[in-house]
Every structure is written in structure tokens, then in C-alpha cells.
Amino acid sequence: MANQNQTDNSEITLLMISSRPEYQRLFFLLFLSIYLLTLLGNILIVLLIRLDNRLLQSPMYFFLSHLSLADIIFVSATVPKILINLMSQSQTITFNECLTQMYFFLASGNTDNFLLACMAYDRYAAVCHPLHYITVMSHRCCLFLVSGSWIISGLHSLLYTILISQISFCTSMEIPYLFCEMYPFLEFSCSDTTLIKILAQTEGVVDLLGPLAAIIVSYALIFSTIIKIPSTAGKYKAVSTCGSHLAVVILFYSTISCLYFQPPSAYSAQKGTFISLLYAVVIPMLNPFIYTLRNQEVKSAIVRLLGRMRTFLRK
């Protein structure tokens, strides 16, 4: 018990971006700008979909609102602590804070993973079975898919957080990231971590690659259907309905692949930090722009919302 309490109160050293105070201030302003932009963009997406009945009744935008909510939690799990450390010029985080950060980071990131698979299935139903789309993507089905995404991800994250909280550490920990990651913890442990490693190599891989496999199969069927469409206009319309989602999928899984599926010999702390920042900070900021800049339905919803606000202010 004494060892556990000592671990709970111990401090973990995180990677410092720069040792020079003037650079610390610049990075603080950069991360603060990215964080505020991410919050603003994703909160706008959630409110826009929730306040517009046309978007809310569409399964794609229903999933998108939950994806934006997961991105808000995802970025809020890491960036506030990074900002605090930059402002105080500190590199430390307590063990309990690290576990909390790890839980929300894993849960929200994994929810993104499942929601992207749900959105791929929605695009498959829309392109390959347009006449049965309303029946296939019923409100009950959408609620089931979204609830399953949040629940499975929460339980997955809870499992690893509990297991890591039970292990002890022989030396002071210096994690080569700006936030807490699971795998560096295992390297500093003097406990038996065989169970966690086996879970990560089996359940963890299936949990990550399962949704990716569903996305690949969905798009294989989508593209095979698009090829059979006789008119160019019809092909363009079908492709345009998938463009934004496909762009997000490529960004999300390309960074995950570079971070988690590279050989140990190719790993470097500098490269890992850069990729983890892309994955955990930059991509959640880009998602709202990807879904709004080329999306006429979202633009129309913004115009309708501004019109209602103008009418309300005139009263």
C-alpha cells in the first residue's frame, strides 16, 4: 500500500519542447491558438447539427456531431496540461493526473476510430443501397452504433488504465512525449507487464484494426458500385458524398500507422513527438474545416442559423 501511495503521488517528467523561455512563450501561443480554434470549430459543428433539424435527421451528420464531441474531449485531454507546463516552464505531471489523461485520451481517440467506421457504413448504405437507405440507417440503428462506439471505447480505455494503475515503477519516469502514452509506462515498470502487452497485441490490435477493416470493405464496395454508374455526373455525385469522410480517414489512420506500426529500429523520440502532435492536436483542429469548406449542406445550415439569429435580434 505504501508503494502504491508513493506511486500515486510521484511526478512524471514529460518532454520539454524547448529549454529557452522565449521559445516556450511562442509555443504557448501556438498551442493556445490551435486549442481555441479546435474548440470553436468542433463546438460550432455540434451546435449547428443539434440546432438544424435537416442535419440532425441525417445519419451522417448525427455521427459527425458525435465525432466532433469526441474530438473536443480528445484535444482537451492533452493540450490544457501542455499549456500549463509551457506557462509554468515545468515538465512534470503527477501519476494520477497521467492516468486520468491517459483514460480520456484513449477513450476519445478510440471513439473517433469507431465513429469513422460508422460513417463509412453510412456512406456504403447511401451509395450502394440508396432505395433502402432510410430503412438501413434508421434512428434506432444510428443510436445503437453511436452508443456502442462510446461504451466499447470507454471500457477499452478503463481496462488499460486500471491495469497500468496496478503496476509499480523502479525508477523515475521520463516520458519522451508531451503527454502521457501507455507504451512508455511499460518500459519503466519493474512489475510483470506480460498481461498488458498480450492484451495490447491482441485485443488492442483488433480494437484498432477492426474499424479500419470495416472502412476498407465499405469503400471497396462503394468504389465497385461507383464504377458501374453509367453517367459521369452520377459518379461525381457519389464520390462527392464520400470525399470529406475519406480525407479524415486518410489523415487519422496515416498518423496512427506512423506512430504505432513502425519497427522499433525506426523509432525516435523527436519523430514520435511530432507524429503524436499531428494525431492528438492538429487533426482534431482540421476535421471541422474538412467537413465545412466543401460541404454545401453545412454552409446552408450556417446561413439558416444566421438568418434565425438575425430574426431573433430584430424582435
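Good morning. I begin with the sheet, which is open, has 3 strands in the order β2-β1-β3, and shows mixed pairing. Strands here are DSSP runs of E of at least two residues, helices are runs of H or I of at least four residues, and both are numbered from the N terminus. Two strands pair if DSSP finds at least two bridges between them. β2 (92-94) and β3 (174-175) are the edge strands; each has a single partner strand, so one side of each has no neighbour in the sheet. Strand β1 (residues 11-14) pairs with β2 in the antiparallel sense, over 3 bridges. Within β2, Ile93 is the residue that stands opposite Ile12.

A word on the source: this is a predicted model, in which local features need pLDDT of at least 70 and side-chain atom pairs count only at pLDDT 80 or more, while totals for chains, interfaces and linings use all residues. Residues are numbered from 1 along each chain as its sequence is written, and side-chain values use heavy atoms, with hydrogens and water left out.

I turn to the nonpolar cores. A core is a set of buried Ala, Val, Leu, Ile, Met, Phe, Trp, Tyr and Cys residues joined through side-chain atoms within 4.5 Å, where buried means under 20% relative accessible area with a 1.4 Å probe, protein chains only. The largest core has 61 residues, and those with the most contacts inside it include Phe31, Phe63, Leu116 and Ile222. Helix α6 provides the largest share of this core, 11 residues. Apart from this core lies another of 23 residues, among them Ile93, Phe95, Tyr177 and Leu199.

Next, Thr161, which is found in helix α8 (residues 139-165). Thr161 is buried, at a relative accessible area of 11%. Beyond its neighbours within four places in sequence, Thr161 is in contact with Leu99 and Tyr103.

Finally, the lining of the second largest pocket. Lining residues have an atom within 4 Å of a point, on a 1 Å grid over the protein atoms alone; a pocket is an open set of points where a 1.4 Å probe fits, with protein on both sides within 12 Å along at least five of seven lines. Of the 23 lining residues, the closest to the centre are Arg123, Lys237, Ser240, Thr241 and Glu297. Helix α12 gives the most to this lining, with 4 residues. Thank you.

How values were computed
Buried < 20%, exposed > 50% of the residue type's maximum accessible area, 1.4 Å probe, protein only. Contact = heavy atoms within 4.5 Å.
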